[in-house]
Amino acid sequence: LHLSAELLGRYLKNRKPYNSIDLNSNIASVTAISNDYSYEDIFSRQLQGLGKTNDILFAISTSGKSANIIKAIKQAKKMKIKVIFLTSNKGNKLKRFCDLVIDCPGDRVDRIQEMQKIVGHIICENVESILN
């Protein structure tokens, strides 16, 4: 949610914002998909409808075990969508499905998530600096 908002809003002030969609923010879609299919499908189903070849899926999971994230990553690979996976040292088993895995090591969930937020901001800043 936050990274998508940054790419649409704060960053790239002198340029058109990036086409960025947070697959978690449309509660109507999340509810409909989880009711009609399953909670595991909430991201992969949206990706099927919205994603295009050469898009980028930026997936985040602290544990690397979230079934809905795993399914979305695998769906992205089927669609030739690039995958950047921000995880902890526990999420490395998905490495073969990802183009880039960013490991935020740690044992405490709160510390891992704090690092993930910092990494997300660094990515947004790098995108902005490359385009300026």
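A: A search of the whole structure turns up zero disulfides, a disulfide being a pair of cysteine sulfur atoms within 2.5 Å. This is a predicted model, where local features need pLDDT of at least 70 and side-chain atom pairs count only at pLDDT 80 or more, while totals for chains, interfaces and linings use all residues. Residues are numbered from 1 along each chain as its sequence is written, and side-chain values use heavy atoms, with hydrogens and water left out.

Cys98 is buried, at 12% relative accessible area. Cys104 is buried too, at 2%. Buried means under 20% relative accessible area, exposed over 50%, and partly exposed in between, with a 1.4 Å probe and protein chains only.

Cys98 belongs to the largest nonpolar core, which has 21 residues. Such a core is a set of buried Ala, Val, Leu, Ile, Met, Phe, Trp, Tyr and Cys residues joined through side-chain atoms within 4.5 Å. Cys98 is among the residues with the most contacts inside it, along with Leu47, Leu57, Ile73, Phe85 and Leu94. At least two residues of this core come from each of α2, β1, α4 and β2. Helix α4 gives the most, with five residues. Cys104 sits elsewhere: a second, separate core of six residues includes Cys104, Ile84, Ile102 and Ile112.

Now helix α4. Helices (H or I, at least four residues) and strands (E, at least two) are DSSP runs, numbered from the N terminus. α4 covers residues 67–78, which is 12 residues. The expected span is 1.5 Å times one less than the number of residues. The buried residues of α4 are Asn68, Ile69, Ile70, Ala72, Ile73, Gln75 and Ala76. An α-helix has 3.6 residues a turn, so residues three or four places apart point the same way. The buried residues of α4 pack against α3 (44–50), β1 (56–61) and β2 (82–87). After α4 comes Lys80, with a positive phi near 60°.

Leu47 shows the packing from another side. Leaving out residues up to four places away in sequence, Leu47 touches Leu23, Leu57, Ala72, Gln75, Ala76, Met79 and Ile81. Contact here means heavy atoms within 4.5 Å.
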